[in-house]
Amino acid sequence: MSTPQRNPQPLTQPDAGDQHRPGTVTDRLVEANQRYATQFTDPGMDARPVLKVAVVACMDARLDLHEALGLELGDCHTIRNAGGVVTDDIIRSLTISQRALGTRSVVLIHHTGCGMLNLTENFRHDLELEVGQRPSWAVEAFRDLDSDVRQSMQRVRTSPFLLHTDDVRGFVFDVKTGLLREIDPEIAPEP
């Protein structure tokens, strides 16, 4: 099974004086898709991940999960949000992943330098003041990566909706070295 090679030229914002690249970023993404589709062949895959694993990670653009984990197209489900935090919607996606599509393992990945380390629930309150409506969601900001990974592992392991909670592991990805550091779910943070 082979997939088309990625275009090595990144999609970057045009300079203000660049008249050769009109349109929005979305326009350029659609154009890139059209180039991709000319070489695309249906790999004949099922929606069920080959490795029966779901990876929950932060949406940070610096994390190339497939490359960092040695994954190929079709190997896993990838579920991303701000911080890689296990929220109700992550539980929803994991439940569908397990119950409808056969995954059995869950890998949780936070990372160094995460923007969620710099936010607080004040973000939500400021947003309410700005738009006149309080968001229904929590920011889920955190100050300690390891503790939040442990909390996320606990949320997965205790969810009544998930069938498979025995292979749940959490990691912190170092954005400077590319290495994963596993978090022991049993170690409590120091006072």
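Asp-89 and Arg-92 both belong to helix α3, where they sit three residues apart, about one turn of the helix; helices here are DSSP runs of H or I with at least four residues, strands are runs of E with at least two, and both are numbered from the N terminus. The model is predicted, and for this reason local features need pLDDT of at least 70 and side-chain atom pairs count only at pLDDT 80 or more, while totals for chains, interfaces and linings use all residues. Residues are numbered from 1 along each chain as its sequence is written, and side-chain values use heavy atoms, with hydrogens and water left out.

The side chains of Asp-89 and Arg-92 meet in a salt bridge, a term that stands for a side-chain nitrogen of Lys or Arg within 4 Å of a carboxyl oxygen of Asp or Glu. The whole structure holds eight salt bridges, and the table lists some of them.

| Salt bridge | N to O distance |
|---|---|
| Asp-89 and Arg-92 | 3.4 Å |
| Arg-124 and Glu-121 | 3.7 Å |
| Arg-155 and Glu-140 | 3.2 Å |

Arg-155 lies in helix α5 and Glu-140 in the loop between α4 and α5, so this pair ties together parts that are 15 residues apart in sequence. Asp-89, at 44%, counts as partly exposed, and Arg-92 is partly exposed at 47%, whereas Arg-124 is buried at 15%.

Helix α3 lies across β1, β2 and β3, and runs at about 175° to β2; axes are lines fitted to C-alpha atoms, for helices over the stretch in contact (heavy atoms within 4.5 Å), and angles run from 0 to 180 degrees between N-to-C directions. Helix α5 packs on the sheet as well, touching β3, β4 and β5.

The sheet itself is open and has five strands in the order β2-β1-β3-β4-β5, with mixed pairing, where two strands pair if DSSP finds at least two bridges between them. Because β2 and β5 stand at the edges with a single partner strand each, one side of each is left without a neighbour in the sheet.

Strand β3 pairs in the parallel sense with β1 over five bridges and with β4 over six bridges, and His-111 stands opposite Phe-173 in β4. Strands β4 and β5, in turn, run antiparallel and are joined by four bridges. Which residues point one way from β3, and which the other? Ser-105, Val-107, Ile-109 and His-111 point one way, Val-106, Leu-108 and His-110 the other way, and all are buried.

Technical notes
Buried < 20%, exposed > 50% of the residue type's maximum accessible area, 1.4 Å probe, protein only.
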